[in-house]
Amino acid sequence: MIGKHIKGKSFRGLLNYLFGKDGARQIGGNMEGTNPRELAAEFGISRRLNPKVNRAVYHASLSLAHKESLDDDTWDEIAQKYLQAMGFDMNQYVVVRHTDRTHEHIHIAASRIQLDGTTVSDSWDDRRSEAVIRKFEQEYNLQSVQPSWEKDKHSPTTGERRQLARTGEESVRVRLQRSLDQATHDHPTMPELIERSQQQGVNVRVGYTRTGKVKGISYQLDGVAFSGTHLGKAYTFPGLQKHRGVNYSPKRDDKRIQKLMEQAVENPTSAVPPKQDDKRTKKLMEQTVENPTPAVTQTNSLPIPEPTNWEQIRLKLSQQYNFPNSLLTELYEKGWLYASQIGQAIFVERTLDDLPTLAKQLEPTGNFTAIPLNSEATKNGSFWIATDATVERAVLVSDPIEVLSVIALESTVDKEKRKPTLYWSVGNSEQIPLEFLRAIDTVVIAFKNNEKVENLIAEILAELPQAKEVSPGEAGWNGMLTNNHSQPNQSQIPELQNWEL
């Protein structure tokens, strides 16, 4: 059995999705409503008990392996036991069964606010969920699967597997993952992890904001550096704590962490001699992407994050493209945008499940250079941003600059009128998540005027009949954003008034 869960803000949005699937049916719960409108109104009762809770929506999905099957009553029983084990013993919930995939699965929509006004804790909820699922597998004689925290690392790429078969040498990324797994086996403190890594020849850098808040972590081995995001969710700074059990206390650990990093600079170490290091770096640079993005220059070099260059990049993006500093900072902290060693902006493309697939380097000309990342080459991703876990609207634009421009423009709209939106950049038809978009009522094709995209637009409209097309003209959405900044008296762009916001 496989279990996933997320927290969100919109009960109605989630319920519309759950009941909108063909063959969806309500099989359990403790509520009177039988449709999204009635159930959302009921969930409003618990929300009013504690309006301070921002993400009151709990959404869990439980799936069986292929060819396994359970009846509705058993599924309902499992849903009840799952919620109780996760701490939902006085909460509203509804269970919906879906038949749109080849494997059986259910969805649970619940309120995190209990009927006494308290909120269900989400502390270590991933591990608690996995423990419950392992118990269900034994109790109901179901097929066992690998725990999710063991899967929160990026698998070896095709190029890495070929390298291992050809040379017998694992890639630097795989060796880093293994080293960190070994260093965290007994739940060390963060300074202990860094010290152990340094002893193995791994240089660990923790980035801090001006206010002293941790903004990310990166690792360097054999002259090749990766951010935690590029290794997998379990190797980011919060992921080490959540998935690897690393203990971190800012007051206790920050001074020790900074001292360890200073010592590493004063006494640099290397796990291999320089010549061998150069050899391995050259091999990594020779790896290519099997599915390059058309119309974008290809290069085989990997971008290395350099936190000290970030402020320069942030300032440039803010001044040249008029992007809000708060938006740039948030993207940087998530690892979706960072600065390279040569001082250029790197935008990370990802799949919908947040697996990096490609990086795009912003050149001084405003064009992008595609850079392969260590991820599955068979998967297509994009540079995208979603404003909420439950998406009700999608906007398709041409590149990362246009994504940030549309977000900046729409930030002028009253927050209460905005729909939870997925902003997705498209370079070719293979990048479009058609299955996901078919379930969304509002899809906006928002490419700037260009004859090269006419066929692409026609393909999208053929696959997504609910989609509609708008255009910002040849200047694009960034041109419109720039114009808006040059005319501060205009509080809103006229062309946006026809959009479904």
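This is a predicted model: local features need pLDDT of at least 70, side-chain atom pairs count only at pLDDT 80 or more; totals for chains, interfaces and linings use all residues.
Q: Where does Asn 322 lie?
A: Asn 322 is in the loop between helix 13 (310-321) and helix 14 (325-334). Its phi is positive, about 65°, although Asn 322 is not a glycine.

Q: Is Asn 322 buried or exposed?
A: Asn 322 counts as buried, at 16% relative accessibility. Buried means under 20% relative accessible area, exposed over 50%, and partly exposed in between (1.4 Å probe, protein chains only).

Q: And what about Asn 141, buried or exposed?
A: Asn 141 is exposed, with a relative accessible area of 69%. Asn 141 belongs to the loop between helix 4 (125-139) and helix 5 (148-151), and has a positive phi of about 55° without being a glycine.

Q: Changing topic: how many helices and strands does the protein chain have?
A: The protein chain has 18 helices and 18 strands. Of its 501 residues, 53% are buried.

Q: What is the strand order in the open sheet of five strands?
A: The order is 14-16-15-17-18, with mixed pairing. Strand 14 (384-386) and strand 18 (467-469) are at the edges with a single partner strand each, so one side of each has no neighbour in the sheet. Two strands pair if DSSP finds at least two bridges between them.

Q: How do strand 14 and strand 16 pair?
A: Strand 14 pairs with strand 16 (residues 421-425) in the antiparallel sense, over three bridges. Ala 386 has Leu 422 in strand 16 as its bridge partner.

Q: Which residues of helix 17 are buried?
A: In helix 17 (residues 454-463), the buried residues include Leu 456, Ile 457 and Ile 460. Seen down the helix axis, the buried residues of helix 17 fall within an arc of 100°, so they line one face. That arc is taken over the directions from the helix axis to the C-beta atoms.

Q: Why would residues three or four places apart point the same way?
A: An α-helix has 3.6 residues a turn, so residues at that spacing point the same way.

Q: What is on the other side of helix 17?
A: Glu 454, Asn 455 and Ala 462 are exposed there.

Terms used. Residues are numbered from 1 along each chain as its sequence is written. Side-chain values use heavy atoms; hydrogens and water are left out. Helices (H or I, at least four residues) and strands (E, at least two) are DSSP runs, numbered from the N terminus.
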